Amino acid sequence: MKTEGRPTSPVAANANLPQTVSGSKALDQATSLIFETGTPRRTGVDLPEPKGRKSRLGSHAREGEIGLPGLSEPETMRHYVRLSQKNYAIDLGVYPLGSCTMKHNPRLNEKVARMPGFADVHPLQPVQTAQGALEVLSVLSHWLMTLCNMPAVALTPKAGAHGELCGMMAIRARLDKDGQSHKRRVLVPESAHGTNPATAVQCGFSVDEIPANDKGRVDMDALRTKLEGLGADSDIAGIMLTNPNTCGLFENDIIEIAELIHAAGGYFYCDGANFNALVGRVRPGDLGVDAMHINLHKTFSTPHGGGGPGSGPTVLSDALKDHAPVPYVVAGKDGFDLVEHADENSFGRMCAFHGNMGMYTRALSYMMSHGSDGLKQATEDAVLNANYIQASLSDVMTPAFGGTCMHEALFDDRFLKDTGVETLDFAKAMIDEGYHPMTMYFPLVVHGAMLIEPTESESKGELDRFILSMRSLAQRAKAGEVESFKQAPVYAPKRRLDETQAARKPVLRWTPPSETAEAAE
Amino acid sequence: MRYLPLNNNDRAQMLDVIGVDNIDALFEDVPKSARLKGLIDLPKHQSEQAVERFFQRLSNKSTPAGSVPFFCGAGAYKHHIPATVDHLIQRSEFLTAYTPYQPEVSQGTLQALFEFQTQVALLTGMEVANASMYDGSTACAEAVVMAHRVARGKKSKAILASGLHPHYAAATQTLASTLNIQIDSQGAQIGVDADVIDRIDNDTACVVVQSPNVFGEIVDLRPIAEKAHAHKALLIAVFTEPVALAAIESPGAQGADIVVGEGQGLGVGLAFGGPHVGLFACRQKLVRQMPGRVCGETVDANGERGFVLTLSTREQHIRREKATSNICTNSGLCCLAFTIHMSLLGDAGIQRLAALNHEKACELADLIDGVDGASVENETFFNEFTVRLNRPAAEVVDAMVKKGVIAGVPLSRLAPEADPNLLLVCATETSSDEDIAAFETALKEVLS
């Protein structure tokens, strides 16, 4: 049996292939915009004719067409199926986006989330008719608090950054309650995700950056210099630290960091984006953490959905728990109840209703399926897979730091030096190999960063094929094939897109051709 | 464990390649005192069947909206969702994709976002829209913060109208509390939205008005916009029911500068309050102050039309502490559901859907007005309105639950200081004639 397959190369794609009249290329179907195919009078929904009774809209009725195109059901189906086929997806192949945790999304979780006792329950229907939904909140809280060894959790934050806001607002509320309103400085490592400084500022804090050392961790000398001798009455409100950090490394001085911050009268906000490297092996509560958000869409596999919805429940320490936002669920003698109105300690409400219930059911289903043993195994496999990739590529690529990593392997672009190939080109060439690129140019502390997170969902065979591709690309770059990298991708539904033009002259919506012509005149 | 492909043989081989003896060696950076021994005290792994049974048992403990005559609105609305919508959003390529940061392999998500932004702009009567926010309430809060950015710190006040959903007001208050934004709010009161006109002054950065408001009343935005603009303040128009915008004059046509609201009513289920989808639209001239992701049109290296996320210089991953917002996600799959439902409806469909909603609400309102001890407070409404009862609404709702009817939301549930006798009632195209009759019968029995 022939196993090598027919070689493909960019030359073949650039050859003088025939143009099709349709614009489609076999399975790659051309897609027009709904505004180009639909018409306002067509509809894919059959609704009964209104009886035409007297309106009670007053003088505010909308007149004329809105301009929304309609499609019949088969046209709708075809439009979105065609669009879907232009997306890469976890279900299609390796999606090694560092810090994003693209793991398998079990379909059981989709099924339970759609059960009518959760999916078709109104957030304000009487609590005695929503007991099953409230029980999910309660059970999920128990799992999250137990995994973290923390005494409280606020479920409502709707994404990771919203969870950061929750934790930092709780810290601010506590400081204000203690008459410590002068504490407004927050330390943030320079390797932090951009949401951390943005969140601190949104909470009215100032940001003070702390440098990294040559091992990719917090520079403890710099930190001690900043904090030593300040005392509990200092202006330090706290620290926002990701652990494992954005370089994929465990902050081995984390307990001392927590002690230094607490001695300066500050609180320890841990960005839990990478909690998936710890679940079942390390509990944040044992590290001195005061608040940490958990990305249910990363660690507990609620689907990323092309950019959300996420969910960012935030665990809180004893010092902060009284300041948690409303609403939250409590167990009473007649079943579960909701506390929906803030007392004088709570920092208030973050959103309408109870957070992202649809993510709670999915995450809990994921956790219960794994159990305490499976969650620990998943963590270990994720760390094992990342280290396997790092070890298998370290002779042809350049790991940013020495030693083993946690759940993601960070490379810099030293191995591309003098090749003319940049991290961006390397990423685009991965697309042609059939892989989604790794996270690129993040974290900022590493030049031309390439952050690879395979997750526990990849088999050894899949990893071996991925490693083979990556080695081949690294060797091609070094062999001087810069031009093919600059052209990449050539096999994707689109070639490289002009992002500069998009930003300089933003076209953010479709406009009828006649109006476009008028605007140009 | 069914989700984990590695077996022990694989693991041993991989440890060998890494050059360590066992998995513990990869966790050596963890301080000794924090290394867990053994398993955490939680149940072990379970079969798919066992987990499904657990959730089925819990699901059975709630009363789904579709199983009884159901009349709750107040920010979340029960509508029929075509089967096509749920099928399409579960396609692997949409469901299991990340944010479209690599546009060459994300054109599906990106084009859907571009179409979504256009639909939202048309529906709200605005020039541009972003790729969605967490929900309506957080969109409202972000709009207020945006208005203060536009005012460059020269104006401190944000005026909230008394008909703004109390949860929206609270979420806005929370976000504003740390940013030196003075929130001028007088709590939830019926029929006095126009009072904001007298409160607008030169220190006002924005005025926030919901229409239809939380009581269901449709508010004339024009005089408010006029006064706001005379004082160089922005009018932020809010809605909680997107279907209403097909029936009433768009906020953009009435002079709003920013329009925010909840999109759940189209394509997205109740889900006990989330995930939902926040809609955010504004005038073209304000676009660089707009928070959240935005998708734009461009061309690829072959000159073909394509789409990318753009204007990212506003965002946290570039601007860090100078970003317009800390938001780093949208409500991707929910905005996909919204745009698919909207594509199915089209102009004709959504206008008819709106007309049906309004008729059902009118029928219900007429019947309630005929019940002793109950009266409809509204002069105008779309598909929800406020009923004044002769006793606390929470008691009436509980008594009606016992008769198999979920009657609505007591205003006191949203605002404890508000009049306890007010009940917010909503009817949609899903309310059958039998449901409406059951409401009337149960209400008569409870009030008699």
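Is B:Phe272 buried or exposed, judged by the other C-beta atoms within 10 Å? The first legend answers this, after a note on the model.

This is a predicted model, in which local features need pLDDT of at least 70 and side-chain atom pairs count only at pLDDT 80 or more, while totals for chains, interfaces and linings use all residues. Residues are numbered from 1 along each chain as its sequence is written, and chains are lettered from A and ligands numbered from 1 in the order in which they are written.

**View 1. Positive phi values at B:Phe272 and B:Lys232.** B:Phe272 is buried, with 30 other C-beta atoms within 10 Å; a residue is called buried if 20 or more other C-beta atoms lie within 10 Å of its own, exposed if 12 or fewer, and partly exposed in between, with C-beta atoms placed from the backbone. The phi of B:Phe272 is near 55°, a positive value in a residue other than glycine, and the residue sits in the loop between strand 6 (258–262) and strand 7 (278–282) of chain B. Helices (H or I, at least four residues) and strands (E, at least two) are DSSP runs, numbered from the N terminus. B:Lys232 likewise has a positive phi near 55° without being glycine, and is placed in the loop between helix 9 (222–230) and strand 5 (234–239) of chain B. B:Lys232 is partly exposed, with 13 other C-beta atoms within 10 Å.

**View 2. Two cis peptide bonds in chain A.** Most residues other than glycine have a negative phi, and most peptide bonds are trans. The bond from A:Asn243 to A:Pro244 is cis, with omega near -10°, and A:Pro244 belongs to the loop between strand 4 (236–242) and helix 10 (254–263) of chain A. The bond from A:Val326 to A:Pro327 is also cis, with omega near 0°, and A:Pro327 lies in the loop that runs between strand 7 (314–316) and strand 8 (328–332) of chain A.

**View 3. Helix 14 of chain A and its buried face.** Helix 14 covers residues 460–478 of chain A, and at 1.5 Å a residue its 19 residues should span 27 Å, which agrees with the 27 Å between its end C-alpha atoms; the expected span is 1.5 Å times one less than the number of residues. The buried residues of this helix are A:Leu463, A:Phe466, A:Met470, A:Leu473, A:Ala474 and A:Ala477. The buried residues pack against helix 12 (357–393), helix 13 (423–432) and helix 15 (482–487) of chain A, where two residues are in contact if their C-beta atoms, placed from the backbone, lie within 7 Å. Just after helix 14, A:Gly480 takes a positive phi of about 90°.

**View 4. The contact between chain A and chain B.** In this interface, 174 residues of chain A are in contact with 167 residues of chain B. Helix 12 of chain A supplies the largest share of the side of chain A that touches chain B, 23 residues. The residues on that side of chain A divide into 82 nonpolar, 58 polar and 34 charged; Ala, Val, Leu, Ile, Met, Phe, Trp, Tyr, Cys and Pro count as nonpolar, Asp, Glu, Lys and Arg as charged, and the others, Gly among them, as polar.

**View 5. B:Val144 in the largest nonpolar core.** A nonpolar core is a set of buried Ala, Val, Leu, Ile, Met, Phe, Trp, Tyr and Cys residues joined through C-beta atoms within 7 Å. The largest such core has 325 residues, and those that touch the most other members are B:Val144, B:Ala147, B:Val207, B:Val208, B:Val209, B:Leu235 and B:Ile236. Helix 11 (residues 332–369) of chain B gives the most to this core, with 20 residues. Leaving aside residues up to four places away in sequence, B:Val144 touches B:Ala158, B:Thr172, B:Ala176, B:Ile181, B:Cys206, B:Val208 and B:Ile236.

Conventions:
Arc of directions from axis to C-beta.
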